[in-house]
Amino acid sequence: MFMHNKRLQYTVRVAEPNPRLATMMLEQFGGADGELAAAMRYFTQGLGEDDPGRKDLLLDIATEELSHLEVIGSIVAMLNKGVKAQLSEGQMEEAELYQMIGSSGNSAKQSLLFGGGPALTDSAGIPWTAAYVDSRSEPTADLRSNIAAESRAKIVYERLINITDDPGIKEALGFLMTREIAHQKSFEKALYAIEDNFPPGKLPGIAPFANMYVNTSQGEGDMDGPWNSGQQWDRVDDLAGSIPMDGGAGVPTVGLAKADVAALGQLAARTMSNPASEPTTGADLGAGPGAGRTSNGDMGAAANVTEASAMADATAAKTAAKSKVKPKGKGKAK
C-alpha cells in the first residue's frame, strides 16, 4: 500500500520558464534511463524476489525512484508554466508564442500535444514502454543490470546539469544524480553479498571455453591487457587453425525422416543452378553507365549496350507487328 506525501523529497526551485529545457528534462521522466523505468524495474524485481534482504532493498529503492519521478516531473511542469498559460489563454501574439514554444524540434511538439504538462515520453517524444524493463528474475543478472542502469542515469543527469545555468535546477538535478550513486553502491553490496555471484545462473561454463580469449580483430591497433592476456586467459590468435573449436567437422547436420530427405532431394533438383550458363538478363539489356561489365555474348552482335538496346527494341517491334490481327472485310460473312 502506498501513502503519498505532498512534500517533495527535494525542493524544486525554477528561476524562469524554459520549455526547450523542459523537453530535455523529459529524458529522465519517461526515457529509457529515467525514473519511471527505474521504479518499474525495481518493483517487478522486488515483487518476484524470495530473499528477504534483496526484496526489502528493491522495494525501498523502487519507491524512492517514484519520488524522484515526482521531482523531475515537477521541474518539467515548472519550466512549462509560461507556455501552458499562453497556450491555454492565447494572450500572446502568434509570433511571440511561436518563438516561445520553439519554431522547430520536439519542444514545440511536446508543448502543442501536452499543453505544457509532463508527458511520459523521452526528450525525442518517444513514448515510455515496458521494454525498458530488462529484468530476468535471476538476482546476479538483475543486480548487474541495475548497477549499469544507475550508472547510465547518473551520466544523463550530469549532462542535464551541464546544459542549464538555473541554480535551483542544478541543485535538484545534483541531488538526483547523487542518489543514483547511492543506489549503485547498494546494488553492488547486494550483488557481492551473494557469495557465488559469477557466472550468473546455476550452470558453470564449459571448459576450456570459459578462459578462452579469441583475437578476432587483428592488425594495427592490437593491444594486450588483463582483459585478453595473462595466466587467466588461453589466447587464440591462429583463427583459421583453431576452428572448429569443438574438434568436429564444422559442418551443420540434422537427422531427417526418409520422407523429408526425399522431398529435399526433389527441391534441390528443381532449383539447381547451371554454373556453365551465361544468360542475358533484363539488367544486362537495360544497363546504364556503371552497371558493370557485359560480354559480347550478352549483347548478341551489338558493339555496345546502346546498340544492344536498339536491337532489342527493333526485335520487339517486329514481333508486335506480326501479332496484329487484320480487320475483317466489310459485309462479308463466314
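Reply: Start with Gln28. Its relative accessibility is 0%, so Gln28 counts as buried. The model is predicted, so keep that in mind throughout. Gln28 is found in helix α2, which covers residues 27–30. What does Gln28 touch, leaving aside its neighbours within four places in sequence? Its contacts include Asp33, Gly34 and Glu35. Ile72 is also in contact with Gln28.

Helix α4 takes in residues 52–79. Helix α8 takes in residues 139–162.

Now the charged pairs. Side chains of opposite charge can pair when their charged atoms come close. A search of the whole structure finds seven salt bridges.

Take Arg54 and Glu49. Their side chains meet in a salt bridge, at 3.1 Å from N to O. Arg54 is buried, and Glu49 is buried too.

Next come Glu64 and Arg179. Their salt bridge has an N to O distance of 2.7 Å. This pair links distant parts of the chain, 115 residues apart. Glu64 sits in helix α4, and Arg179 in helix α9 (residues 167–192). Are the two partners buried or exposed? Glu64 has a relative accessible area of 12%, under the 20% cut-off, so Glu64 is buried. Arg179 reaches 25% relative accessibility, so Arg179 counts as partly exposed.

Asp224 lies in the loop between β1 (212–214) and β2 (234–236), while Arg235 is in strand β2, so the pair ties together parts that are eleven residues apart in sequence. Asp224 has a relative accessible area of 55%, so Asp224 is exposed. Arg235 is partly exposed, because its relative accessible area is 27%. The pairing goes further. Asp224, Arg235 and Asp237 are linked in a network of salt bridges.

On to the backbone. Which peptide bonds are cis? One joins Phe198 and Pro199, with omega at about -5°. Another runs from Ala207 to Pro208, with omega near 5°. Pro199 is found in the loop between α9 and β1. Pro208 has its place in the loop between α9 and β1 as well.

Ser137 is another backbone point to check. Its phi is near 60°, a positive value in a residue other than glycine. Ser137 lies in the loop between α7 (106–114) and α8 (139–162). At 70% relative accessibility, Ser137 counts as exposed.

Val254, Leu256, Val261, Leu264 and Leu267 make a nonpolar surface patch of about 450 Å². Look at one of them. Leu264 lies in helix α11, which spans residues 258–270. Its relative accessibility is 46%, so Leu264 counts as partly exposed.

Back to the start, for contrast. Gln28 has 0% relative accessibility and counts as buried. Ser137, at 70%, counts as exposed.

Methods: Residues are numbered from 1 along each chain as its sequence is written. This is a predicted model: local features need pLDDT of at least 70, side-chain atom pairs count only at pLDDT 80 or more; totals for chains, interfaces and linings use all residues. Side-chain values use heavy atoms; hydrogens and water are left out. Patches are made of residues with over 30% relative accessible area and no salt bridge: like charges are joined within 9 Å, nonpolar side chains (Val, Leu, Ile, Met, Phe, Trp, Tyr) within 5 Å. Accessible areas come from the Shrake-Rupley method with a 1.4 Å probe; for residues, only the protein chains shown count as cover. A salt bridge is a side-chain nitrogen of Lys or Arg within 4 Å of a carboxyl oxygen of Asp or Glu. Helices (H or I, at least four residues) and strands (E, at least two) are DSSP runs, numbered from the N terminus. Buried means under 20% relative accessible area, exposed over 50%, partly exposed in between (1.4 Å probe, protein chains only). Contact means heavy atoms within 4.5 Å.
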